[in-house]
Amino acid sequence: MPAEVFAARGVSKRYGGVSALAGAELVLRAGEVHALLGENGAGKSSLVKIIAGVTGHDEGELTLSGEPIRIDNPRAARRHGIAVVSQELNLFPDLDVLTNLFVHDPPTRGGFVDRRAMARAAAPHLEALGVDIPLDRRLGTLSLAEQQLVEITRALIPEPRVLILDEPTSALNVATTGRLLDVVRRIRDVGVAVLYVSHFLQEVASVADRVTVLRDGRNALTDEPAARLTVSDMVHAMLGVEEVPQAEGRAGPARADRRTALRVRDLTVGDEIAGVSFDVGVGEIVGLAGFEGDGPPVVLDTLWGRRRRARGDVRLPSGSTRLPRSTAAAIGQGMALIPSDRKRLGLMLDQTVWENITAAQALTNGQGPAVLRTQRLRDTAQRWVEELHINGYVDTRVSALSGGNQQKVVLAKWLQLEPSLFLLDDPTRGVDVGARAELHAIVRRLAGRGCAVLICSTDMLELAELCDRVLLMRGGRVVREAEEAEMSEAGLVAALNTLPASA
């Protein structure tokens with residue numbers, strides 16, 4: 001067995017009253033690719049941040065070649081030979097490739113940066129990775145795949161013992177993904193311990209030597225040889241069940257005679273989504289499922305009018321074939337948006353419940369809340385507080401409410417306008433189980449009254465519970481519709497992981 005390079009044992013981390021990691025274990029060995037898997041919220045990001053020195057841990061031990069170490073900051077991680085390539089590339093588009101390769105501690109001569117020494121140091125790593133890019137080229141002119149290779153090269157120049165790749169292929173197509181996986185194998189073959197964090201289980205099966213799975217901050221699988229695992233085994237470990245039964249209360253298949261509320265054909269936005277087509281019927285709940293970078297939130301943002309460079313044919317509930325260019329225009333076309341980031345995009349945290357609930361109404365009237373009669377607005381808000389069981393008073397500041405009650409305030413803001421199309425982006429993120437059930441019941445009631453609902457969510461169980469149909473996206477395209485037998489949490493996760501990569 002290859003020598004152990006790095007280990008995290010018994011690692012725990014709490015954020016306030018929430019446990020992100022509880023005794024997590026991870027062992028990395030020289031010349032191996034070790035995949036770290038888990039659903040969103042399982043603890044992967046917390047463990048990676050601890051290893052990279054971005055955050056500390058509360059309990060447990062980190063060791064390098066068997067000796068305990070402290071990693072208090074990213075510089076300490078680099079000093080211990082740990083390099084990280086994050087999903088969000090940390091590059092400078094206005095600088096040239098060579099400068100980007102030596103952001104940290106560039107070689108100097110006579111007090112000046114020595115570009116010749118930089119080029120000499122970079123050359124063997126660029127050659128090993130098959131990177132043929134002029135070093136004086138401005139980084140912003142490179143393709144995403146080329147930028148990814150530049151970031152990996154930069155991580156390898158100090159010759160790290162451990163390389164962490166966090167979702168390295170989330171925004172790449174099939175050709176560049178294959179090239180990157182070849183690069184990962186070359187890095188492994190020169191003796192580096194590679195930690196590979198990914199949602200794409202087929203990639204993991206093709207490149208990983210060992211697999212660790214986290215679930216709820218704990219190990220569900222530890223240091224398991226990848227050759228012994230199938231994609232189904234990984235899904236089972238991530239979710240803790242062989243198959244999640246179809247949730248009660250799901251509306252069932254859409255009726256064949258359902259009238260169309262929203263029609264989308266060949267919707268394209270830059271290189272984010274391409275040729276997306278689907279319909280949503282009156283009273284139907286349709287889900288968009290995909291991993292990070294696959295495009296579901298971009299579809300919602302485009303329909304709402306946040307993305308201006310969109311092409312394709314769309315017919316909105318109002319009958320309009322033009323996408324809105326402002327919030328007021330979207331409201332006027334019978335639409336409502338529940339954003340995933342309610343605190344930043346859905347609420348005025350320093351304002352009261354009644355001011356938040358009536359904000360959209362004031363916008364449609366073309367007058368600010370100060371101009372409208374305050375008592376009428378307060379009465380309107382009070383009705384929604386009672387109907388949605390919002391645990392607060394109309395004069396309560398929204399910042400004082402729980403996450404679930406804040407989300408109800410966002411819903412109330414739109415419900416009074418009686419929109420015909422609701423766009424829901426991760427509508428129950430960060431709410432407790434009780435609030436989640438209440439919010440789901442509200443969405444079902446909306447559909448029962450004839451509203452069309454288009455929802456994207458990182459929670460596959462949510463999509464399985466709520467949706468009449470779920471469209472599976474990969475690489476900015478709708479690949480297919482989930483089959484009835486796949487309408488469960490495990491079924492959707494497995495379906496997404498067996499989709500073909502985008503071309």
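**Exercise 1. Find the strand partners of β1 and the residues that face each other.**

Start with β4: β1 and strand β4 (residues 59-64) pair in the antiparallel sense over five bridges, where pairing takes at least two DSSP bridges between two strands. Strands here are DSSP runs of E with at least two residues, helices are runs of H or I with at least four, and both are numbered from the N terminus. Before going on, note that this is a predicted model, so local features need pLDDT of at least 70 and side-chain atom pairs pLDDT 80 or more, while totals for chains, interfaces and linings use all residues. Residues are numbered from 1 along each chain as its sequence is written, and side-chain values use heavy atoms, without hydrogens and water.

Next, pick out a facing pair: Glu-59 in β4 stands opposite Ser-12.

Now turn to β2. Strand β1 (residues 4-15) runs antiparallel to strand β2 (residues 18-29), with eight bridges pairing them. Lys-13 has Leu-21 as its bridge partner in β2.

Last, look at the turn: two residues separate the strands of this hairpin, and Gly-16 takes a positive phi near 65° there.

**Exercise 2. Work out whether Ser-457 is buried or exposed, and what its side chain contacts.**

Second, check the accessibility. Ser-457 counts as buried because its relative accessibility is 6%; buried means under 20% relative accessible area, exposed over 50%, and partly exposed in between, using a 1.4 Å probe and protein chains only.

Third, go through the polar partners. The Ser-457 side chain makes a polar contact with the side chain of Asp-426 at 3.1 Å. A polar contact is a pair of N or O atoms within 3.5 Å; within protein, one must be able to donate a hydrogen and the other to accept it, and residues adjacent in sequence count only if both atoms are side-chain atoms. A polar atom of the Ser-457 side chain also lies 3.0 Å from the backbone nitrogen of Asp-459.

Finally, leave out residues up to four places away in sequence: Ser-457 then touches Leu-288, Asp-426, Glu-462 and Leu-463, with contact meaning heavy atoms within 4.5 Å.

**Exercise 3. Locate Gly-293 and say how far it is from Met-473 in space.**

Gly-293 falls in the loop between β15 (285-289) and α9 (296-304). With 47% relative accessibility, Gly-293 counts as partly exposed.
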